[in-house]
Amino acid sequence: MPAHLSSPVTAATAQWLTRAFPASGGALSAALCEIQARQAVTVAARLRYPTAMDAELAGVAGPGGAARLDRVTGAEELGTQPWRTWVDEVVASWAACLLSDPVLAARAVAALPPSPGEYRRLLSPDPADTRAAALLRHPDLLAPVAALHRESLLARLGREAAPAA
């Protein structure tokens with residue numbers, strides 16, 4: 001995914017997740033929660049936009065914004081800041097799937113080119129990570145967001161895991 005698209009999409013989508021499902025605790029908890037959200041969003045974005053052409057097309061069409069995500073979570077009070085237009089609903093949904101399902105997260109990371117340790121907080125959160133992101137990783141709370149595009153994530157992972165012809 002080209003940097004000119006990935007940076008705003010990743011940042012905005014991770015920010016939406018951490019505002020909709022905030023950290024419990026102070027500044028350190030907020031930072032740990034944001035790291036986990038960014039790792040999940042990065043994996044989701046790399047799966048969603050696997051080629052430069054995919055990312056370029058997304059840049060032309062636009063990522064869609066956070067309006068539907070706000071409606072399904074009841075998070076309309078998050079505001080109307082311009083960054084919210086860079087939120088990618090599918091990436092947010094896929095990230096929610098990864099945050100709430102460790103087996104699916106491991107499968108998604110395995111579908112990407114190797115990057116040892118890059119997604120440690122997503123795949124193996126320590127107790128501080130778990131406490132900080134209690135809401136962000138809660139399967140019941142994430143269910144409405146995860147359900148939006150779970151099937152397309154499973155389909156993508158199925159194709160990625162299939163042997164080459």
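Reader: In which helix is Leu122 found?

Author: This is a predicted model, in which local features need pLDDT of at least 70 and side-chain atom pairs count only at pLDDT 80 or more, while totals for chains, interfaces and linings use all residues. Residues are numbered from 1 along each chain as its sequence is written, and side-chain values use heavy atoms, with hydrogens and water left out. Helices are DSSP runs of H or I with at least four residues, numbered from the N terminus, and the run of residues 120-123 that holds Leu122 is helix α7.

Reader: Is Leu122 buried or exposed?

Author: Buried means under 20% relative accessible area, exposed means over 50%, and partly exposed lies in between, with a 1.4 Å probe and protein chains only. Leu122 has a relative accessibility of 2%, so Leu122 counts as buried.

Reader: How far apart in space are the C-alpha atoms of Leu122 and Gln36?

Author: Contact means heavy atoms within 4.5 Å, and, not counting residues up to four places away in sequence, Leu122 touches Gln39, Ala40, Val43, Leu98, Leu99, Ala105, Val109 and Arg137. As for Gln36, this residue and Leu122 are 86 residues apart in sequence, yet their C-alpha to C-alpha separation in space is 5.4 Å.

Reader: How are α5 and α6 oriented to each other?

Author: Axes are lines fitted to C-alpha atoms, for helices over the stretch in contact, and angles run from 0 to 180 degrees between N-to-C directions. Helix α5 (residues 89-100) and helix α6 (residues 102-110) pack with axes 5 Å apart and at an angle of about 120°. Angles under 35 degrees count as roughly parallel, over 145 as roughly antiparallel, 65 to 115 as roughly perpendicular and the rest as oblique. The two helices, α5 and α6, are therefore oblique.

Reader: How many nonpolar residues does the contact of α5 with α6 have?

Author: The contact is made by Cys97, Leu98 and Ser100 of α5, together with Pro102, Leu104, Ala105 and Ala108 of α6. Ala, Val, Leu, Ile, Met, Phe, Trp, Tyr, Cys and Pro count as nonpolar, Asp, Glu, Lys and Arg as charged, and the others, Gly among them, as polar. By these classes, the contact of α5 with α6 has no charged residues, one polar residue and, as nonpolar residues, six.

Reader: At what distance does the side chain of Ser100 reach the backbone oxygen of Ala96?

Author: A polar contact is a pair of N or O atoms within 3.5 Å, where within protein one must be able to donate a hydrogen and the other to accept it, and residues adjacent in sequence count only if both atoms are side-chain atoms. Ser100 is buried, with a relative accessible area of 16%, and a polar atom of its side chain lies 3.3 Å from the backbone oxygen of Cys97. For the backbone oxygen of Ala96, the distance to the side chain of Ser100 is 2.8 Å.
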